[in-house]
Amino acid sequence: MKFSPEKIFNLILLGVTLVIVFSALDFPSRSKVLPLIVGVPALGLMLVQVLSDWAKPSPQFKREQIEVHREWVIISALIGFPLLIYVAGLSLGVAAFLLLFVRMVSKQSWLVTILCSLGGFFISYGLFGQLLHYPLYKGLLDII
Amino acid sequence: MFEALLHGLLMMLTPEALLYQIFGISLGLVFGVIPGLSGIQALAILIPFIYGLEPGAAFSFLLGANVAATFGGSITAILLNIPGTALNIATCWDGHPLARQGRAGEALGIAASSSALGGVFGVFVLALSIPILQVIVSLFQTSELFMISLLGLTLIVTLSSKSMLKGIVSGLLGLSLAFVGEDPMTGWARYTFGSVYLLDGINLIAVVTGLYAIGEMAKLFVEGGAVSKEKLATGVRGVWKGIQSPFKHWFLVLRCSAIGALIGACPGVGGTVANVVAYGHAAQTEKDPDSFGTGRVEGVIAPESSNNSKDGAQMIPTLALGIPGGEGTAILLGAFLILGLQPGPSMITEHLNITFSIMWIIAISSIVASIIGLLFAVPLSKITAVPGRLLAPLIISFGAIGAFASTGAIENIFVAFGFGILGFYMRRFGYSEACLIIGLVLGTIVERNYHIAINLYGNNFFYTRPISLFFLIAIIAILVISAWRRTTERQTHGGVQA
C-alpha cells in the first residue's frame, strides 16, 4: 500500500481510538461505561475507514510544490511557536514569533514587521499584563 | 416578569455595557468580513476578555460581536461574492449580482435592514417563549436532559454532509475528549496520563481556538494569496432605497424570520441551514422564480432576515435547557460558566433578568451592527485583501494569547496548537471539526445526567418516563428521516448521472 498523507492521518486516528478503548479497559466499571460505548464504535468506524483506504487506489492528485512547502512552514511554525512561548514567555514569545514570521516568511518590510511585532507585544503585555493585570507566563527566561 | 424585563434592559444600558457592546460589534464586523472567521471565532478569541466583567457588559461584548459578525459576512458576500461566514452563503446568490449591476449600496441597505428586522423578530420569539419555558423546564429532570443531549448529538449526522463516517468519528472523538479528567462520579482520573493539568478536563476554549482560529489560518496560509481574489465592487449608492425594501416586502421578512427562528430553536441545526432554507422558500413562493440568482431583492431579504432571527431563537435551548442551539452558543456556554452562571432552568427561574438582558442585547446589537456595518462597509471589506501570509501569523498570535488567557495555564497554548494542527488536517481530509466540538460540549452533559438518571430512575428511564420516551422517538425519527433523505439524494444524483 502506498502511504498518502490522508492514509497516515487515518492511521493516526485509528491509533488514537485504540488508546481510547484500551485505556478505558483499566478504568473502574462505572467510569468505563460511556468511554467504551463511545470508543468501541469509533474504533470500529476507523477500522472501516482504514480498510477502505487499503482497498481503494490512492488518488493521483498531485499537489503544487509551493503548497507542500507552505504546509511544512506553517506546521513548523505551529510546533515552534508554543515552544518559543514556553522558553521566552507569552509577551516576548508573541513579539519574537511575529518578528520572525512576518519578516522571514511573509517577506514584509521592516516597518510592517515591527508594527506587527509591537502590536502583538502591546496586546499581550500592555492589554493583558498591564491594563487587565493578568498574570502572564514569563517562560524559562523569566524576563517579563 | 415585567420587573425582570426592565432590569434586563437597565443591565445593558450601563456605560460599561454600552462601551463593550460597541467594541464587540466593531470587532465582530472585522471577524465577519474575513472569510473563515465568523462569530464563532470571535467568541472563541474574545471570551477570555470577559473575566472580571459584569454579566451585562460581558454579554454585550460577546453577543455584540457574534451578531455583528453575521452582518459583516454579508458585506463581503454582496461586494465580493465571498460569504464572510457560512451564514451568508445564500446572500451571495442575489446580493452580488445586484452589486455587479451597480446596486451594491441598495443590496447592503437591504441586508442591513433585513438583518435588523430578523434580529428583533428572533428576540420577540424568545421573549414570547419565556412564560411557556418556565412551565416546560420544571418538567425536565436529569433523564430528560440526558435525552435532549442525545438529541443534540444526533445533529452530528445532519452536519456530516460530506462523509457520514468521518462526521460520526469526529463526533465520537469529541465525546471521548469530554471524558478526559476526573470522573465526576468515581473521581477516577481518565486519559490524564499522569498530567495534573488534564485532571480538570480538556480546556474547551483552547480546543475551539485551535480548531477554528489556528486551523483555519493554517489552511489560508497554505492555500496562499489573499482571502479575496475578486475585485472589490465599489459604489454604495441607493442605501436608503435598500433599507426601505424589506418594509415593502414585510410578509416575506416575517415568513423568513419565522423560518430562521424555528430552525434556530432546534439545537445544533444552525444558521447555515436557515439562510439556505429561507432563500429556497422565497424562490418557491415569490413571483418569477427563474429570475432568482440574477439580482432579486427578495433573494437578499430572505437569507438576511432568517440569519439574524436565529440568533435570538438559538438562545431558547441554550438558556432554558443548557443545550447549545448552535456552534456559537456552544462556545457561549463557556461564558456562562466563567461568569458563574449555570445555563439551564435556573436562567428562567433565578436569573430571568440576565435572560432578558441577553434578549435586549441581541435586539439592539442587530440594529447597531447594521448601522455601523453600513458606515464601514467598504473599508471593512478591504481586510479581505490582506495577504494570508500576513493575516495568518497575526490571527495565530491572537489565538495563542486567547488560549493562554482562558485559564492562565501555559498548557492551554500547547492544547490550542495541537488542535490547530489537528483542525488543519481534519479540514483537509474531510473530517468535521463542528461535530468534534458538539461531541466535546455535549459529552460532559450526557455523562453527568446519564449517571444521575440511572441512579434515580433505573436503567429503563429511556422509555418509562413520558418526556424521555418522546425524545427517544424524536431521536429515532431524526435518524430515520436523515437516512431516508440521504438515500433519496443518492438515488436522485445517481439518476441524474445515469
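Q: How much space lies in the second largest cavity?
A: About 30 Å³ of space lies in the second largest cavity of this predicted model. A cavity here is a set of points, on a 1 Å grid over the protein atoms alone, where a 1.4 Å probe fits but cannot get out. The grid points are joined across faces, edges and corners, and the volume is the space filled by probe spheres set on the points.

Q: And how many cavities of 30 Å³ or more does the structure hold?
A: The structure holds two cavities of that size, 30 Å³ or more.

Q: Which residues line the second largest cavity?
A: The lining consists of Ala44(B), Ile47(B), Leu204(B), Ile205(B), Val208(B), Ile331(B) and Gly334(B), where a lining residue has an atom within 4 Å of a point. Helix 8 and helix 13 (327–338) of chain B are the elements that give two or more residues to this lining. Helix 8 of chain B has the largest share, with three residues. Helices here are DSSP runs of H or I with at least four residues, strands are runs of E with at least two, and both are numbered from the N terminus.

Q: What's the lining of that cavity like by class?
A: Six residues are nonpolar, one is polar and none is charged. Ala, Val, Leu, Ile, Met, Phe, Trp, Tyr, Cys and Pro count as nonpolar, Asp, Glu, Lys and Arg as charged, and the others, Gly among them, as polar.

Q: Ala44(B) also sits in helix 3 of chain B. Is that helix buried or exposed?
A: All buried: eight of the eight residues of helix 3 (residues 39–46) of chain B are buried, so this helix is largely enclosed by the rest of the structure. Among them are Gly39(B), Gln41(B) and Ala44(B). Buried means under 20% relative accessible area, exposed means over 50%, and partly exposed is in between, using a 1.4 Å probe and protein chains only.

Q: Now the open spaces. How much space lies in the second largest pocket?
A: About 1,600 Å³ lies in the second largest pocket. A pocket is an open set of points with protein on both sides within 12 Å along at least five of seven lines.

Q: Which residues are closest to the centre of that pocket?
A: Of the 47 residues that line the second largest pocket, Pro5(A), Ile8(A), Phe9(A), Tyr425(B) and Phe429(B) are the closest to its centre.

Q: Which helices supply at least two residues of that lining?
A: From chain A, helix 1 (5–24) and helix 3 (65–88) do, and from chain B, helix 7 (164–178), helix 8 (204–223) and helix 18 (411–428) do. Helix 1 of chain A gives the largest share, nine residues. By class, the pocket lining divides into 30 nonpolar, seven polar and 10 charged residues.

Q: Switching topic: how does the model score, and what is the mean pLDDT of chain B?
A: The scores are ipTM 0.96 and pTM 0.75. Chain B has a mean pLDDT of 81, with 88% of its residues at 70 or more; pLDDT is the predictor's confidence in each residue, from 0 to 100.

Q: Where is confidence lowest in chain B?
A: In helix 16 (residues 377–381) of chain B, at a mean of 67, while strand 2 (residues 189–190) of chain B is highest at 96. Where pLDDT is low, the predicted coordinates should not be read in detail.

Q: What does Leu199(B) touch?
A: Leaving out residues up to four places away in sequence, Leu199(B) touches Gly181(B), Glu182(B), Ala189(B) and Thr192(B). Contact means heavy atoms within 4.5 Å.

Technical notes. Residues numbered from 1 in each chain as written. Chains lettered and ligands numbered in written order. Predicted model: local features only at pLDDT ≥ 70, side-chain atom pairs only at ≥ 80, totals over all residues. Heavy atoms only, no water.
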